[in-house]
Amino acid sequence: MEASKLPGFLLRRAVKAALVVLAIVVCNFLLVHAAPGDPASVIAGQSGAADAVFLEQLRKQFGLDQPLYVQLWIYLKSVLSLDLGFSHRQQASVAQLVLERLPATLLLTGAAFAFALAGGVTLGALAAQRVGRWADSIITVIALTFYATPLFWVGLMLVLVFSVWLEWLPSFGMSSVGVEMHGLEVVWDVAQHLLLPALTLGLFYLAVYARLTRATMLEVADQDFVKTARAKGVPEGRILRAHVLRNALLPVITFAGIQAGQLLGGSILVETVFAWPGIGRLAFEALLARDYPVLLGVFFCTSVMVVLFNLLTDMLYAIIDPRVEVAG
Amino acid sequence: MRDFWRRFRRNKGAVVGLVILLLVVLVAATAPWLYPGSPWDMAGAPFSPPGEMGMLLGTDSLGRDVAAGIAHGARISLLVGAVSTVAALLVGVTLGAVAGYLGGFADDAVMRFTEFFQTIPSFVLAILLVAIFTPSIGSVVFAIAIVSWPPVARVVRAEFLSLRGREFVQAAEVLGKSRLSIVLTDILPNALSPIVVLSSLMVASAILLESALSFLGLGDPNLMTWGFLIGSGRSVIRLAWWMSVFPGIAIFLTVLALNLVGEGLSDALNPRLARQRGGAA
């Protein structure tokens with residue numbers, strides 16, 4: 001893409017991302033109003049149990065006695081000023097609760113993503129090199145297996161094997177309780193706690209990326225520029241790395257961007273299994289307590305993260321691959 | 001039809017998948033005879049390991065038979081998988097047909113809408129929907145359908161886009177057939193094979209999604225499900241591994257079978273569809 005077109009492209013993408021965020025806020029608003037019963041009690045997060053004075057106060061605050069479009073306007077204004085509501089159960093603002101838990105989730109999903117991408121691309125490349133041989137078949141079988149296994153069950157089985165039977169790794173939390181630690185000890189401790197949840201979350205995507213890498217590599221290997229390189233006498237290893245793999249990676253990265261939302265959704269299950277103190281665990285706790293403001297906040301926050309991540313991959317993609325269509 | 005079966009049979013995995021699937025259907029159909037009475041009733045001593053006390057797969061913390069739970073759970077899993085897929089197909093096919101056949105502004109609007117649903121974290125939305133509309137089999141089916149229609153809409157739109165310019169469609173237009181009848185009787189039957197392949201994969205992901213929801217305690221509180229069994233075994237995994245291991249194997253086998261059958265269908269119907277996958281969990 002010409003350099004002069006880049007700012008316009010990025011601007012259009014940013015506008016689109018902003019529109020999606022706006023749509024998510026509207027979606028949240030509609031959900032509160034679609035819920036059976038009184039919207040005020042949904043906002044209070046304690047259906048049927050809140051006292052009348054408090055509900056009256058909420059009705060006034062959110063203008064629940066006014067027409068829907070006025071209510072929507074009030075809601076939009078508060079969300080866009082980053083006021084995601086208040087959790088009366090936890091006596092804290094939802095924004096604060098979510099922000100507190102965000103780093104743990106980012107660490108978990110980041111580690112899982114890195115593991116899945118590195119492992120998946122490696123396995124996929126190996127399978128593509130050995131089409132039809134046993135290594136290829138084994139990788140296909142592994143991929144099929146992880147497609148069909150529930151994420152939370154994989155987590156439980158890893159706990160059973162590595163924590164209960166072998167006693168190698170801790171089974172819950174993010175750090176050891178009641179132990180005084182410094183510097184690298186803390187990092188090592190967190191890494192031990194991180195290993196099983198990150199493996200659980202990453203294995204499914206490893207299978208996905210492996211299949212995708214295999215397919216795109218086989219496709220690219222057939223193209224003319226690869227034949228040219230081979231005819232020129234470029235060593236086979238270099239053709240594979242510099243010509244085939246590099247071009248095959250682009251669709252994998254795009255796909256990874258699209259799947260960011262799935263990864264965050266999966267982290268709810270994994271965090272529940274491993275009691276990992278991230279927003280997934282927060283969502284599970286809110287679920288048990290029917291704390292709707294927190295649930296809505298988690299939905300909003302994860303959606304925004306996905307939008308931001310997609311924006312980022314769009315940009316990277318546009319810069320890396322000059323052929324990307326600017327019109328999109 | 002014979003041709004179809006011949007091509008399907010050539011894929012060994014698909015045949016194995018079909019056999020497993022038929023076994024699961026058989027267990028689901030005969031559950032009331034295999035394990036009469038409610039799967040919620042106490043059947044033996046709590047925490048009996050598999051094989052002891054006449055319990056094939058052991059009992060849970062309240063002495064309920066895990067095997068009975070799995071057999072009865074198969075009914076719910078298959079039912080939710082099938083019904084939510086049908087619901088998602090209705091939404092997806094309608095929207096995809098409108099976008100692909102009408103094109104222009106309608107296409108743009110539908111595709112933006114579809115993109116939006118593909119962007120947001122679908123599992124989080126499903127949780128939110130079930131929680132807000134209170135857990136029941138209806139709300140679970142509704143939530144799964146809401147998050148699974150986008151791939152259908154995309155596939156159907158692509159098929160309709162390529163089919164609407166063909167001669168037989170133009171001929172129907174010249175004959176003065178109404179748009180609705182062209183869509184239903186001329187285009188849709190020709191777009192059926194990718195939809196069939198996609199639906200078997202959708203049933204698989206719907207079963208996974210349902211199990212994840214009931215694992216989190218969002219299943220219908222009156223129905224025994226595989227996800228609920230695993231969820232209740234989670235906190236006592238040190239005491240009773242069988243409570244979470246066996247229901248997980250049931251989910252794995254069923255979903256694997258559906259995926260294999262999907263691949264077999266794809267081979268047999270030979271559609272232009274690149275296998276699409278979606279769904280968390």
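How many helices and strands are there in chain A? Chain A holds 13 helices and 2 strands, where helices (H or I, at least four residues) and strands (E, at least two) are DSSP runs numbered from the N terminus. The model is a predicted one, in which local features need pLDDT of at least 70 and side-chain atom pairs count only at pLDDT 80 or more, while totals for chains, interfaces and linings use all residues. Residues are numbered from 1 along each chain as its sequence is written, and chains are lettered from A and ligands numbered from 1 in the order in which they are written.

Of the 328 residues in chain A, 39% are buried, a residue being buried if 20 or more other C-beta atoms, placed from the backbone, lie within 10 Å of its own.

The domain assignment, whose bounds come from an automatic or database source, divides chain A into domain 1 (3–94) and domain 2 (95–320). Their C-alpha centres lie 31 Å apart, and the contact between them takes 25 residues from domain 1 of chain A and 21 residues from domain 2 of chain A, with two residues in contact if their C-beta atoms, placed from the backbone, lie within 7 Å. On the side of domain 1 of chain A that touches domain 2 of chain A, helix H1 (6–34), helix H2 (39–44), strand E1 (86–87) and strand E2 (92–93) of chain A each supply at least two residues, and H1(A) gives the most, with 10 residues.

Notes
A residue is buried if 20 or more other C-beta atoms lie within 10 Å of its own, exposed if 12 or fewer, and partly exposed in between; C-beta atoms are placed from the backbone.
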